[in-house]
Amino acid sequence: MTARPALAALGVVAAASLLAAAQAHGEPISGPRLDYVLHCMGCHLEDGSGAPARVPTLEGVGRFLRVPGGRAYLVRVPGSAHAPLDDGALAALLNWLLLRFDPGAATAPAFRPYDAAEVARYRAAPLANADDERRRLLDVLERSATTAP
Amino acid sequence: MSRPEPHAIERLVDRWAETTARQLARGLSRRSLLGRLGAALAGAATLPLLPVSRVSAAPPGEPAASAPDGIEGPEGDPSSCQYWRHCAIDGFLCSCCGGSHTACPPGTTMSPVTWIGTCRNPADGRQYVISYNDCCGKSMCARCFCNRNEGDRPAYLPPKSNDINWCVAAPSTVYHCSTAIVLGVAADR
């Protein structure tokens with residue numbers, strides 16, 4: 001009962017930000033950003049925040065690059081693996097997405113951009129249960145954070 | 001049946017008017033009459049303020065007024081299924097349901113998650129990115145059903161399917177109607 005007004009307000013904010021996005025349409029949307037808008041934004045939203053408990057947030061997405069299997073995870077999730085994009089376009093989209101939602105990680109010296117060959121390799125083994133893999137990777141990250149000196 | 005005489009008709013009308021007036025007088029208190037009259041007057045005063053599409057009323061040849069999101073379109077009725085933005089919609093047009101093609105009707109909430117496609121605007125021949133956000137929280141509007149499926153993919157490709165109830169992430173998952181919001185121009189590919 002008490003959550004409803006808050007949720008309704010959220011909806012209004014979402015609608016307002018959508019319209020704000022709609023008003024800023026001078027420049028044509030192109031390249032990886034257009035792919036994000038057409039293939040990801042419907043669920044992950046313009047700011048990458050997603051929908052609580054339904055669509056994971058993209059904020060801090062670069063942390064997956066710090067854990068074994070995380071780099072593959074970003075390609076093997078259904079939204080990436082099954083996107084109607086070829087390997088080169090998906091690689092460009094992921095590089096753009098990392099820069100957009102986790103600029104710190106994507107500009108770090110250790111950052112290695114995806115290329116078509118790497119994407120093709122990971123994509124050949126899409127995840128049957130992305131939620132479980134996400135939880136496993138976040139768990140590994142958390143444990144490494146608590147044991148770090 | 002023979003035709004009643006004119007005075008017979010008058011008598012009938014008289015009797016009908018009298019019984020109706022008496023029934024009204026018996027059934028309605030003065031207070032309720034005043035209340036209804038007041039509501040009717042206030043309603044009549046509000047009517048001209050409601051958002052009404054006047055696009056079709058514009059003289060031919062003149063450019064259509066721009067929509068609330070600033071996109072001009074060719075002459076056309078946003079409450080019609082053939083309107084250019086609706087090229088990939090599947091649902092009831094919110095402009096027929098008390099809202100518009102960019103706003104939800106009162107009492108409903110716009111679903112934040114949605115599906116996004118492109119439609120060609122015949123005014124400039126360019127592809128525009130359209131977000132088909134559903135409005136949720138009231139039972140199906142059931143007016144102006146529009147099912148055009150350009151670019152629509154089967155439900156096993158959820159992000160590209162308009163058969164999904166996109167109210168899944170709204171406060172209420174009950175679907176009411178669909179909007180068609182322009183997000184921008186898509187670059188040529």
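Biologist: Noted. What kind of model is this?

Modeller: It is a predicted model, where local features need pLDDT of at least 70, side-chain atom pairs count only at pLDDT 80 or more, and totals for chains, interfaces and linings use all residues. Residues are numbered from 1 along each chain as its sequence is written, while chains are lettered from A and ligands numbered from 1 in the order in which they are written.

Biologist: How many helices and strands does chain A have?

Modeller: Chain A has 9 helices and 0 strands. Helices (H or I, at least four residues) and strands (E, at least two) are DSSP runs, numbered from the N terminus.

Biologist: How do α6(A) and α8(A) cross?

Modeller: Their axes come within 8 Å and cross at roughly 100°. So α6(A) and α8(A) are roughly perpendicular to each other. Axes are lines fitted to C-alpha atoms, for helices over the stretch in contact, with angles from 0 to 180 degrees between N-to-C directions.

Biologist: Which residues of α6(A) and α8(A) meet?

Modeller: A:D87, A:G88, A:L90 and A:A91 of α6(A) meet A:A116, A:V119, A:A120 and A:R123 of α8(A). Contact needs C-beta atoms, placed from the backbone, within 7 Å. This contact has 5 nonpolar, 1 polar and 2 charged residues. Ala, Val, Leu, Ile, Met, Phe, Trp, Tyr, Cys and Pro are nonpolar, Asp, Glu, Lys and Arg charged, and the others, Gly among them, polar.

Biologist: And α2(A) with α6(A): at what angle do they cross?

Modeller: Helix α2 (residues 31-39) and helix α6 (residues 87-101) of chain A cross at roughly 90°, with axes within 9 Å. Residues in that contact include A:P32 and A:Y36 of α2(A), plus A:W96 of α6(A).

Biologist: New topic. How much of chain A is buried?

Modeller: Of its 149 residues, 28% are buried. Buried means 20 or more other C-beta atoms within 10 Å of a residue's own; 12 or fewer is exposed, and in between is partly exposed, with C-beta atoms placed from the backbone.

Biologist: Over to chain B. Why is β8 called largely enclosed?

Modeller: Because 5 of the 5 residues of strand β8 (residues 181-185) of chain B are buried. Strand β4 (residues 126-131) runs antiparallel to β8(B), joined by 4 bridges. B:S131 has B:I181 as its bridge partner.

Biologist: What is the order of the 3 strands in the open sheet?

Modeller: β2-β5-β7 (chain B), with antiparallel pairing. Strands pair if DSSP finds at least two bridges between them. β2 (109-110) and β7 (175-178) are the edge strands, each pairing on one side only. Strand β5 (residues 134-136) and β7(B) share 3 bridges.

Conventions
Contact = placed C-beta atoms within 7 Å. Parallel < 35°, antiparallel > 145°, perpendicular 65-115°, else oblique.
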